[in-house]
Amino acid sequence: MFDLRYHVASLAAVFLALVIGILVGVGISDRGLVDKAQRGLLEERIAKLENDLGNARRRADDLAAQQRATQAFVTATYPELMADRLRGKSIALVFLGPIDTGVRAALQQALSDAGAQGWARTRALKLPLHVPEIDRTLAADPAFTRYVGDSRLPALGRALGEELAAGGETPLWTALAAQIVEERSGSPTKPADGVIVARSAGKQYDGTARFLQGFFKGLIAAPVPVVGVETVSANESAVAAFQRNGISSVDDVDQPIGRFALALLLTGAKAGHYGVKSTASDGVLPPLDTVKPSG
């Protein structure tokens, strides 16, 4: 898909070069430091920059129009585009922090519109972690002592991520429910066809940050799509964190085009970062020719 942001950046660069060229040219000319031939060359360069600026503006206007047309098309045809897109699929949802009811409502709408079976399970993590409490619980069970200590937080996060994505037996989630789970619903054992991650707590640091790095690795180790999401109006974007940890993202799940992008990613479309914000480096939608056939 096209990406307007890169062309706007190009426009800004051309404009800056034009301004610098004009200022330098005027300064040198005023000081009488150039002869007529040099002044003519300088004027030609400024004229070229002006032409480049006009071309960049026209490209930006054209791409803006294309983006508006794409959004309008998706909005107008949204029911047809989404129909049965996730038919029969069960999705796991994890909030990094308390459940955000607005985000959950948008995601529920997406699953309903796409004919999904529903949520395999939902988990909301208590963040930041209280590591001493976690360690005491782990140390009490010989099977879990290998996860005790700050240096083992990435390994603990990875193991929990793998359990969440895969389903089946979840001994760590069971043992640590009181320490790390703020809210939960659904079956811990049911296989999930995909995982959605939403960050409702702020940026994390120290041990919790290392735990989350491992947690993300555990999620993406599963053979199912993993997608990080947020709304257009999110107070603090998590897209950069998703990018650093190899997780695809959609930054506008409260919009029809964002819910469509999410459905495409959950059915195997090209991984990337999609939406309307400056961090959406891959445009507004995944390429449709990368979507796996349904059924």
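**How the helices pack**

Modeller: Let's start with two helices: H4 and H6 pack with their axes 10 Å apart, at an angle of about 150 degrees. Please keep in mind that this is a predicted model.

Colleague: Why is H4 called roughly antiparallel to H6?

Modeller: The angle is about 150 degrees, and angles over 145 count as roughly antiparallel. H4 is therefore roughly antiparallel to H6. Their crossing is right-handed.

Colleague: Which residues of H4 and H6 meet?

Modeller: From H4 there are Glu-133, Ile-134, Thr-137 and Leu-138, and they meet Leu-172, Ala-175, Leu-176, Gln-179 and Ile-180 of H6. Sorted by class, this contact has 6 nonpolar, 2 polar and 1 charged residues.

Colleague: Which residue is the charged one, and how do you know that?

Modeller: Glu counts as charged, and Glu-133 is among the residues of H4 that meet H6.

Colleague: What makes H5 and H6 roughly perpendicular to each other?

Modeller: H5 (residues 153–166) and H6 (residues 171–180) pack at an angle of about 115 degrees, and their axes are 10 Å apart. Angles of 65 to 115 count as roughly perpendicular, and therefore H5 and H6 are described that way. The crossing of H5 and H6 is left-handed.

Colleague: Which residues in H5 and H6 meet?

Modeller: Leu-156, Ala-159, Leu-160, Glu-163 and Leu-164 come from H5, while H6 brings Pro-171, Leu-172, Trp-173, Leu-176 and Ile-180. The contact of H5 with H6 has 9 nonpolar residues, no polar ones and 1 charged.

**Buried residues and the core**

Colleague: Which residues of H6 are buried?

Modeller: They are Leu-172, Trp-173, Leu-176, Ala-177, Gln-179 and Ile-180. The word buried applies because each has under 20% relative accessible area. What covers them includes S2, H4, H5, strand S3 (181–186) and H7. In the protein chain, which has 295 residues, 46% count as buried.

Colleague: What makes a nonpolar core?

Modeller: Its members must be buried, come from a list that includes Leu and Phe, and be joined through side-chain atoms within 4.5 Å. The largest nonpolar core here has 38 residues, and Leu-156 and Phe-215 touch the most other members. H5 gives the largest share of this core, 6 residues.

Colleague: What does Phe-215 touch?

Modeller: Leaving out residues up to four places away in sequence, the partners of Phe-215 include Val-94, Leu-96, Leu-125, Leu-160, Leu-164 and Trp-173.

**A proline in a loop**

Colleague: Why is Pro-98 called partly exposed?

Modeller: Pro-98 has a relative accessible area of 38%. Buried would need under 20% and exposed over 50%, so Pro-98 falls in between and is partly exposed. Pro-98 is found in the loop between S1 and helix H3 (101–113).

Colleague: How many residues apart along the chain are Pro-98 and Glu-182?

Modeller: Pro-98 and Glu-182 are 84 residues apart along the chain, and a separation of 6.7 Å lies between their C-alpha atoms. Glu-182 is also one of the residues that Pro-98 touches, together with Ala-124, Leu-125 and Ser-200, not counting residues up to four places away in sequence.

Definitions and conventions. Residues are numbered from 1 along each chain as its sequence is written. This is a predicted model: local features need pLDDT of at least 70, side-chain atom pairs count only at pLDDT 80 or more; totals for chains, interfaces and linings use all residues. Side-chain values use heavy atoms; hydrogens and water are left out. Axes are lines fitted to C-alpha atoms, for helices over the stretch in contact, and angles run from 0 to 180 degrees between N-to-C directions. Helices (H or I, at least four residues) and strands (E, at least two) are DSSP runs, numbered from the N terminus. Angles under 35 degrees count as roughly parallel, over 145 as roughly antiparallel, 65 to 115 as roughly perpendicular and the rest as oblique. A crossing is left-handed if the near helix is turned anticlockwise from the far one by less than a right angle, and right-handed if clockwise. Contact means heavy atoms within 4.5 Å. Buried means under 20% relative accessible area, exposed over 50%, partly exposed in between (1.4 Å probe, protein chains only).
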